[in-house]
Structures are given as structure tokens and as C-alpha cells.
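Hello,

Here is the structure for you to look over. My notes on its charged side chains follow.

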Amino acid sequence: MHKPSNGVVRVLVCRVQSRLCGLPLDAVEETLRPQPLRPLKAAVVHVQGLARIRGDWVPVVDLAGLLGMTAAPVRRYVVVRAGGRRVALAVAEVMGLHTLTDDIVSTLPPLLQDRAHAAVAALAERDDELVAVLDHARLLPDDWLAALPADATATTGATDTPEPSATAGAAS
């Protein structure tokens, strides 16, 4: 997570099950309703499939699964840049923009600095709730990004018009 010299980090706070997650605002491109999904033929952990977003096939990552939680209903996608690629994160709810200052942001305790918590860069408190501040560059390990197809259309057999039966869930 990049910490600006002024000691302030702007994040987009999302809910994933009962956990709040903060995504650095400089990595967020947009939020949108879930789009129809095309499953991937290559198994990549926590990637639900590919969704057509703004004309491109973008991998959709189950953020709950990535954080070690069971799957939960998805009501929003948050498109971020991770490892030089666009990735849509499937979340339950987008809570809004928040400014986190140095006095409420703390690094992870040594016990939590492992591969299972790799995407979590810091912790912050917001209204008596804990916010896991994520590092967009560590959302997907490089080996997972390399495993994703460069040409999603060829790998999935996708066309410009996704099939109606492949919908990702109810829109909010």
C-alpha cells in the first residue's frame, strides 16, 4: 500500500460478508453491477470467470474467497488495476469513500504477515469497525496473473454478446 507523504490514504470501503475492506482509491477504476460471467477453462483460484466490461474481458475475483471466507452474494463489482491488469472484485456492498489518517492506520501484526493475508497491507478503525486496507498490487500473486489468458476470447470461446444464462447475480 502506497502511503502518501501527507499521511492520508483515500480508500473505497467495501463490505465482503461481515468484513470491511478498503481499496486504495488510486487503484479503483469504477464500480458497477455484476455482469454476465464466462467461466474460465484454466483453473485459477478465486477467479469466478470473465465479464465483459467496457468492451474488454476482465477476470472477476471472488474477494471473499481471496480473503479466506466462504462465498457470499455478490451485488457489486469494483474494477481495479492489479499487476498491470484490470480485475473486477466481486463484493457484497460498496460503502463509500473514506479518508484514513496515519493515526488510525496500523501495519499488520507479525502473526498476520503470511501468504494467507498477503493482500492485506494494513488495518484501520472506522466507527468501531475494523477495515482491512488491501494492497491492489498484491490482490493476485504474479503466478495467478500469469495463468490468466492473455486472449480471454480464445480461451473461453466468448463472443461480444454473453449468453443470458450466464448471469452473475441480481443487480442492486
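**Salt bridges**

Arg86 is buried, because its relative accessibility is 14% (buried is under 20% relative accessible area, exposed over 50%, partly exposed in between; 1.4 Å probe, protein chains only). This is a predicted model, where local features need pLDDT of at least 70, side-chain atom pairs count only at pLDDT 80 or more, and totals for chains, interfaces and linings use all residues. Numbering starts from 1 along each chain as its sequence is written, and side-chain values use heavy atoms, with hydrogens and water left out.

Seven salt bridges are present (a side-chain nitrogen of Lys or Arg within 4 Å of a carboxyl oxygen of Asp or Glu).

Arg86 pairs with Glu29, N to O 2.9 Å. Glu29 sits in strand E3 (residues 28-32) and Arg86 in strand E8 (residues 85-91), 57 residues apart. Strands (E, at least two residues) are DSSP runs, numbered from the N terminus. Glu29 is partly exposed, at 37% relative accessibility.

Arg86 also forms a salt bridge with Asp56, N to O 3.2 Å. Asp56 is in strand E6, 30 residues from Arg86. At 42%, Asp56 is partly exposed.

Then there is Arg54 with Glu30: their closest N and O atoms are 2.6 Å apart. Arg54 lies in the loop between strand E5 (47-53) and strand E6 (56-62), and Glu30 in strand E3, so the bridge ties together parts 24 residues apart in sequence. Arg54 is exposed at 64%; Glu30 is buried at 16%.

A salt-bridge network links Glu29, Glu30, Arg54, Asp56, Arg81 and Arg86.

Best regards

Note on methods. Helices (H or I, at least four residues) and strands (E, at least two) are DSSP runs, numbered from the N terminus.
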